[in-house]
Amino acid sequence: LLWVIPSRTERVRLRGAAQPASPPRTGSSAQYGGGYAGGGGRLGGSAEAESEAALSKEAAMAAATVAEEAMWTDVTRYSAVGLLKMGSKHLFLATPRGGGHLKECTPMCCLDFYVLSDTQRQGVGRRLFEAMLEVTGARPDTLAYDRPSPKLRGFLRKHYGLANEVSQTNNFCVFEPFFRTGAIETDRGGPRRQQALAPAQPAFSAGSRRPF
């Protein structure tokens, strides 16, 4: 899981957007018949024609502006400020009663949990952890934690009351309530327990007939 926050907004041109057509040029002598004849009199074009040309130019420029705006969009860029990596692991865990007794289980594990230093103590880690619990349906005391840092231990103690850690030799950390949650599958007994299997019994004796 990632916890992201908006960092900035940019104007981005849409992919495949064509360049808008340039507005028509106005006011040239070729278009309005401008120019002067002998005697200083202005020939061709009137005040009304010039007003219409100005309005036409403004309309063309407005249409070009609207077309150009439609080719751009606002894009919000996000930055990741928190990371929480979860996964199931097949583990052999020492029990609180000691004596070398191991429990075999495949719990959900917190494999990595990190929040950027400049966003710590702002509730980011708590919201990220709570979102994970909601998605997975797990509880903090049913999780195993891979090499938890002192900060993570303090986080679990402060927010979830997990303080009684059961020492393990595989770099994972579990707490005493873990063994009361029903997550355990098999009791493997002590480490010196003989694991020799009894020889397999034949399916039928030499003198008996194979059943059909």
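Tutor: A term to start with: surface patches are built from residues with over 30% relative accessible area and no salt bridge, joining like charges within 9 Å and nonpolar side chains (Val, Leu, Ile, Met, Phe, Trp, Tyr) within 5 Å. Accessible areas come from the Shrake-Rupley method with a 1.4 Å probe, and for residues only the protein chains shown count as cover. A salt bridge means a side-chain nitrogen of Lys or Arg within 4 Å of a carboxyl oxygen of Asp or Glu. This is a predicted model, where local features need pLDDT of at least 70 and side-chain atom pairs count only at pLDDT 80 or more, while totals for chains, interfaces and linings use all residues. Residues are numbered from 1 along each chain as its sequence is written, and side-chain values use heavy atoms, leaving out hydrogens and water.

Student: Great. Which residues form the nonpolar patch on the surface?
Tutor: Leu2, Val4, Tyr78, Leu83, Tyr114 and Leu116, with about 570 Å² of accessible area together. Strands E1 (2-13) and E2 (72-88) each supply at least two residues of the patch. Helices (H or I, at least four residues) and strands (E, at least two) are DSSP runs, numbered from the N terminus.

Student: And where is Tyr114?
Tutor: Tyr114 is in strand E5 (residues 108-115). Its relative accessible area is 46%, so Tyr114 counts as partly exposed; buried means under 20%, exposed over 50%, and partly exposed in between (1.4 Å probe, protein chains only).

Student: How do E2 and E5 run, parallel or antiparallel?
Tutor: E2 and E5 run antiparallel, joined by seven bridges. Strands are said to pair if DSSP finds at least two bridges between them. One example is Gly82, whose bridge partner in E5 is Val115.

Student: What about E5 and E6?
Tutor: Strand E6 (residues 144-146) pairs with E5 in the parallel sense, over two bridges. There Cys110 has Tyr145 in E6 as its bridge partner.

Student: Switching to the inside: which residues of the largest nonpolar core touch the most other members?
Tutor: Phe113, Phe129, Tyr145 and Leu156, out of 20 residues in that core. A nonpolar core is a set of buried Ala, Val, Leu, Ile, Met, Phe, Trp, Tyr and Cys residues joined through side-chain atoms within 4.5 Å.

Student: Which elements give two or more residues to this core?
Tutor: E2, E5, helix H3 (124-136), helix H4 (150-160) and strand E8 (172-175). H3 gives the most to this core, with five residues. Apart from it lies another core, of 10 residues, including Cys105, Cys109, Val166 and Phe178.

Student: Back to Tyr145, what is it in contact with?
Tutor: Leaving aside neighbours within four places in sequence, the contacts of Tyr145 include Cys110, Phe129, Leu156 and Phe172. Contact here means heavy atoms within 4.5 Å.

Student: Now charges: how many salt bridges are there in the whole structure?
Tutor: A search finds six. One of the pairs is Arg8 with Glu10, at 2.8 Å from N to O. Arg8 is partly exposed at 46% relative accessible area, and Glu10 is partly exposed at 27%.

Student: Is Asp146 buried or exposed?
Tutor: Asp146 has a relative accessible area of 17%, so it is buried. Asp146 meets Arg147 in a salt bridge (3.4 Å, N to O), and Arg147 counts as exposed at 60%.

Student: Which residues are joined into one network?
Tutor: Arg8, Glu10 and Arg77, through salt bridges that share partners.
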